[in-house]
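Here is a short briefing for anyone meeting this structure for the first time.

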Amino acid sequence: MYVGVDIGGTNIRVGAVDTKGKVHKSESFRHPPHRDENHIAELISGRVLDMEKSGIDVEGVGVGAAGRLDINRGVILKSHNAPTGNSYNLVGPISKAVGKKVILANDATAAAWGEHRFGQGRGIDNMVYITISTGIGGGAIVDGNLLLGKDGRASRIGHTVVDFNSDQECGCGRLGHWEGLASGRNIPRTLAAYLAARGERAEKYAGIKSEAIFALYNGGDQKIRGFVDDYLMRLYAAGVSSAINNFSPDLIVMGGSVARNNTAIFEKGIAMHLLEYGGAERCRVTFTELGDEIGVIGAAALAMDFERLPR
Ligand SMILES: [Zn+2]
C-alpha cells in the first residue's frame, strides 16, 4: 500500500491507499500550533510508522501540499497561503525517518493525478482537475503526462486573469486573478465590490460567508441571484474556458468544497457562460466523485507512479 498525505490550509489528512485507489485507513488532524521547522515532517513520519506497526506494508509516500513548493528540493516555501509561517523541508526528513521513497507535489496536481488514475479521468489522456475551495487550484494531464513545469507550478489555474478590470488583489499580490475573485475565501469581498459598483445597499450582507451566499441564492434572494448568475459564474466560466484553451482536454473534473457543495449552481452557471467564452463544445465538465479523500488518493497515486513521473 501507499500513503497519501494531503496538506491543506487548515488540516493535514493521511491515508493508506491500495493500488486500486481504495482508502483503507485515513485520519485528519489540524496543523500543529507551533511552527518548528521539522514538526510537520515528524508528525507525518509518525503516522506512517504507526501504519507499518499495525501491519500495513507501506511501499512509498506521496505528499500533496497547498502553497508554493520547490518540488525538486522537497521543500514547502514560505508564501501567502502556506500552511505554516515559514518554509520547511518535507521530503528529506520523512524519507529518512520512514526509509521509503517520498514524492512532493502541489495538492491540486496530486488530485488531478488521482482523478486520472482512479476517478472519472480513468482512460482519458487529456484532462484537467480544478479545485474550488479556500483557494482555486488545478492540475493538467496532457497526452497522458502529468504537467509539472520547472518548479511544479505548470498549471496554476487559480492565477488565470479572469477580470482585468478588477482591482481586487489575489493572495499572490496580483490583480484580477480567478482565485482572488472567486475562491471560497474571496467570494464575499467580490460580492461587496459588485454591489458597491452598482450603488446597491450591502449592509444586509456584511460579514457573510460564501456558503451563506449560496444558501441565499437557493432561497431566491434577487441581489445574490444577479451577482451569482451575471458575474460570479462568468468568472468560473472564464477560468474553465481558459483551461480548455490552454490544455485541450476531453474532460474537466471540478472538486473542492465550494464546487462540491453547490454542484447544481456551478453546473448550470458554468454551462451557461461557457457558451459565450468557448470550449463547451470540445470538453465535458463534471464533478469529482472521490469526495474528501481525493487529495489523499492523488498523493498516494503519485507515489505509486514515482518512477514514471517527470522529476
Ligand atoms: Zn493570484
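Strands β1 (residues 2-7) and β4 (residues 60-65) run parallel and are joined by six bridges. Across this pairing, Ile 7 stands opposite Ala 65 in β4. The model is predicted.

**The sheet**
- Strands β1 and β4 belong to an open sheet of five strands, ordered β3-β2-β1-β4-β8.
- Pairing within this sheet is mixed.
- Strands β3 (23-30) and β8 (101-106) form the edges, each pairing on one side only.
- From one strand to the next, the twist averages 15°.

**Helices on the sheet**
- Helix α2 (residues 91-98) packs on the sheet and touches β4 and β8.
- The direction of α2 makes about 155° with that of β8.
- Helix α3 (residues 107-118) lies across β1, β4 and β8.
- Relative to β8, helix α3 runs at about 105°.

**The whole protein**
- The protein has 10 helices and 13 strands.
- Its radius of gyration is 19 Å, close to the 19 Å that the globule rule gives for 311 residues, so the protein is as compact as a globular protein of that length.
- The C-alpha trace spans about 60 × 45 × 35 Å along its principal axes.

**Burial and contacts**
- How many of the 311 residues count as buried? The share is 48%.
- Among contacts with a separation of 6 or more, 65% come from residues 24 or more positions apart.

Key: Residues are numbered from 1 along each chain as its sequence is written. This is a predicted model: local features need pLDDT of at least 70, side-chain atom pairs count only at pLDDT 80 or more; totals for chains, interfaces and linings use all residues. Two strands pair if DSSP finds at least two bridges between them. Helices (H or I, at least four residues) and strands (E, at least two) are DSSP runs, numbered from the N terminus. Axes are lines fitted to C-alpha atoms, for helices over the stretch in contact, and angles run from 0 to 180 degrees between N-to-C directions. Two residues are in contact if their C-beta atoms, placed from the backbone, lie within 7 Å. The radius of gyration is taken over C-alpha atoms; the globule rule is 2.2 Å times the number of residues to the power 0.38. A residue is buried if 20 or more other C-beta atoms lie within 10 Å of its own, exposed if 12 or fewer, and partly exposed in between; C-beta atoms are placed from the backbone.
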